Amino acid sequence: MGRSVHSNDDEHETKDIASVTSSRRHGSGETMHKVGPPSKNNLMKEFKTTMKETFFSDDPLRPFKDQPRSRKFVLGLQAVFPILDWGRSYNFAKFKGDLIAGLTIASLCIPQDIGYAKLAGLLPQYGLYSSFVPPLIYAFMGSSRDIAIGPVAVVSLLLGTLLQAELDPELNPIEYRNLAFTATFFAGVFQFTLGFLRLGFLIDFLSHAAIVGFMGGAAVTIALQQLKGLLGIKNFTKNADIISVMKSVTSSARHGWNWQTILIGVSFLAFLLTAKYIGKKYKKLFWVPAIGPLISVVVATFFVYITRADKDGVQIVRHIDQGINPSSVKSIYFTGKYLTVGIRIGAVAGMVALTEAVAIARTFAAMKDYQIDGNKEMVALGTMNIVGSMTSCYVATGSFSRSAVNYMAGCRTAVSNIVMAIVVMLTLLVITPLFKYTPNAILASIIISAVVGLMDYEAVILIWKIDKFDFCACMGAFFGVVFIGVEMGLLIAIAISFAKILLQVTRPRTAVLGKLPRTTVYRNIEQYPEASRVPGVLIVRVDSAIYFSNSNYIKDRILRWLTDEDEQLTAKGLPQIQHVIVEMSPVTDIDTSGIHALEDLHKSLHKRDIQLILANPGTAVIDKLHTSKLDDVIGHDKIFLTVADAVRSCHPKSTIDEV
């Protein structure tokens with residue numbers, strides 16, 4: 001029991017105190033330390049420290065320290081293009097792993113890209129374009145060894161939903177395509193700017209629970225939209241919410257479904273899900289689900305071609321432009337009415353793409369025990385999307401399914417992305433005419449099998465067990481996407497994430513502490529029922545910095561603790577509280593409002609003939625107490641290093657430490 005007590009919330013050591021200036025002995029024989037005034041504060045030094053920890057917490061300039069100018073230039077190039085660093089030690093053994101991984105993810109990405117382009121409302125070739133140029137750019141600038149770059153389902157759905165809210169791709173195909181390029185350009189600018197200004201910490205405001213819910217909702221929405229291709233429905237709703245989709249499906253049940261299409265789609269969906277199950281159960285067979293989509297496309301295309309099922313109502317791809325990416329610089333809207341629309345859509349799509357890519361990169365970096373620079377990742381992702389927007393690509397990012405296959409296939413470096421891009425290039429140059437008879441039902445089944453993995457049931461169950469508020473954020477994002485729409489679901493996810501932050505900041509936890517038997521350790525009486533209250537003393541711990549947003553609440557909460565304690569003591573006929581000790585070791589900082597709140601608390605207690613005592617204030621706190629002269633008001637002899645010292649000051653002649 002003793003070990004668990006000390007491992008939960010040990011009191012901070014002397015290093016958190018500005019200085020210890022005096023000590024004296026008490027009846028218990030223990031030395032009691034008091035907290036003295038801090039050293040003189042250097043405003044510029046504090047400002048530099050704050051800025052460094054905010055924007056340069058990873059100390060990216062450390063390698064440049066004490067280096068000659070020529071070496072700094074080389075290090076600078078390596079920082080921008082990491083391939084110049086790890087490329088020096090690249091060898092044939094690594095290339096073999098990258099070659100196998102690159103070929104494997106290429107077999108997976110080619111059929112997926114065609115389907116994802118349709119999901120975004122674009123022609124099939126634009127999905128392939130987006131798996132050619134962006135992976136090449138990332139391979140030179142990215143710091144992740146495992147991430148596989150290209151279009152992904154969630155971003156394709158989000159982009160398509162936002163674009164179709166502005167333009168109809170069938171009535172205005174050219175404007176729609178140009179707006180997609182414009183959104184991609186500004187998505188890249190958004191990503192690059194965040195990384196260049198080292199503002200990557202902003203994406204952390206979207207909580208893990210909200211992301212899980214959003215991804216799950218997007219997976220359901222994507223799967224439902226694929227019912228159009230899976231059932232062969234021609235007239236299908238353009239809305240993404242589940243109610244509109246199900247109405248469209250049921251209303252077309254009598255005459256709008258095509259049995260040949262259903263047979264093809266359901267058969268190959270069962271095959272793909274079985275392949276996925278085999279790959280998940282037997283890790284060595286990871287290649288089975290990886291090549292499953294390509295096998296499905298080849299077999300289904302051949303079947304449709306020899307039976308000419310397209311004449312019986314089976315919808316097919318029909319045509320994919322041959323050749324590599326054409327320039328699209330002149331297609332981007334830099335002026336006009338679609339500029340602001342492109343910026344807005346690009347910012348939203350860019351943020352989601354960035355969140356997904358950085359999360360994937362961090363996951364696999366942790367698995368292989370290497371470090372990635374989140375800001376460099378953002379610069380790399382932003383650059384590849386900017387260049388991609390000028391070469392007929394739409395928003396690309398890291399794909400979890402392809403990255404997982406890349407990892408299991410034995411990739412060693414980002415060269416696997418180069419191999420994949422070369423295969424896609426050869427496909428664009430040579431093979432695209434062969435996709436003419438590929439049925440849309442196959443693309444729908446490939447997308448459905450791919451998005452199944454986005455519904456993380458285990459994560460949802462774990463979120464429910466750990467934090468109910470997180471679960472609300474998760475479900476809010478999920479149902480927002482499913483019943484309202486992707487954009488609204490994302491807004492709900494962000495709103496709930498910020499609501500949680502505000503709630504934690506404005507209503508921090510406080511706890512009443514008691515003394516553990518035969519120790520000088522004071523802990524939360526709710527967590528440790530054996531902890532006993534000290535007669536005549538109320539000990540309260542504040543588990544947060546004290547700012548303008550929570551200072552009044554903390555003051556009022558302490559006074560409510562005092563009122564509750566006095567009522568209980570009166571009911572038992574015991575002496576009232578004479579001392580209130582505020583344990584401040586978790587209080588990392590305090591602002592002007594916090595100082596005023598402590599001053600008001602001191603005045604309120606003084607009117608009741610109760611003394612306010614502070615225990616273990618940190619460096620920043622004691623510095624501000626001293627600067628504001630509040631330590632003079634409270635009394636220097638009422639600020640102590642530990643709760644035990646503070647309690648002994650209230651009962652100097654007692655043997656309380658032996659209880």
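Colleague: How many residues does helix H8 have, and what does it reach from its first C-alpha to its last?

Modeller: Helices here are DSSP runs of H or I with at least four residues, strands are runs of E with at least two, and both are numbered from the N terminus. The expected span of a helix is 1.5 Å times one less than its number of residues. H8 (residues 153–164) has 12 residues and reaches 16 Å, close to the 16 Å expected. This is a predicted model, in which local features need pLDDT of at least 70 and side-chain atom pairs count only at pLDDT 80 or more, while totals for chains, interfaces and linings use all residues. Residues are numbered from 1 along each chain as its sequence is written, and side-chain values use heavy atoms, with hydrogens and water left out.

Colleague: How many residues of H8 are buried?

Modeller: Buried means under 20% relative accessible area, exposed means over 50%, and partly exposed lies in between (1.4 Å probe, protein chains only). In H8, 10 of the 12 residues are buried, which leaves the helix mostly covered. Among them are Ala 153, Val 154, Val 155, Ser 156 and Gly 160.

Colleague: Which residues of H24 are buried, and where do they lie around the axis?

Modeller: The arc used for this is that of the directions from the helix axis to the C-beta atoms. In H24 the buried residues are Gly 594, Ile 595, Ala 597, Leu 598, Leu 601, His 602 and Leu 605. They cover an arc of only 160°, so they sit on the same side of H24. The face turned away from that buried side carries the exposed residues Thr 592, His 606 and Lys 607.

Colleague: What do the buried residues of H24 pack against?

Modeller: Contact means heavy atoms within 4.5 Å. The buried residues of H24 pack against helix H23 (551–572), S8, strand S9 (611–615), H25 and helix H26 (630–634). As for length, the 16 residues of H24 should span 22 Å at 1.5 Å a residue, and the end C-alpha atoms are 23 Å apart, which agrees.

Colleague: How many salt bridges does the count give?

Modeller: A salt bridge is a side-chain nitrogen of Lys or Arg within 4 Å of a carboxyl oxygen of Asp or Glu. By this rule the count is 12. One of them joins Glu 166 and Arg 344, with the closest N and O atoms 2.8 Å apart. That pair links distant parts of the chain, 178 residues apart: Glu 166 is in the loop between H8 and helix H9 (173–196), and Arg 344 is in helix H15 (residues 338–368). Glu 166 is partly exposed at 34% relative accessibility, and Arg 344 is partly exposed at 35%.

Colleague: Where do Asp 589 and Lys 624 lie?

Modeller: Their side chains meet in a salt bridge of 2.8 Å, N to O. Asp 589 lies in the loop between strand S8 (579–583) and helix H24 (592–607) and Lys 624 in helix H25 (residues 619–627), so the pair ties together parts that are 35 residues apart in sequence. Salt bridges also link Asp 467, Asp 470 and Lys 500 in a network.

Colleague: How many aromatic pairs does a search of the whole structure find?

Modeller: Rings of Phe, Tyr and Trp (its six-membered ring) pair if their centres lie within 6.5 Å; planes under 30 degrees apart count as stacked, over 60 as edge-to-face and the rest as tilted. The search finds 14 aromatic pairs. One of them, Tyr 333 with Tyr 338, is tilted, at 5.3 Å centre to centre and 40° between the planes. Tyr 333 is buried at 18%, and Tyr 338 is buried at 15%.

Colleague: Is Arg 402 buried or exposed?

Modeller: Arg 402, in helix H17, counts as buried at 0% relative accessibility. Not counting residues up to four places away in sequence, Arg 402 touches residues including Asp 113, Tyr 116 and Pro 151.
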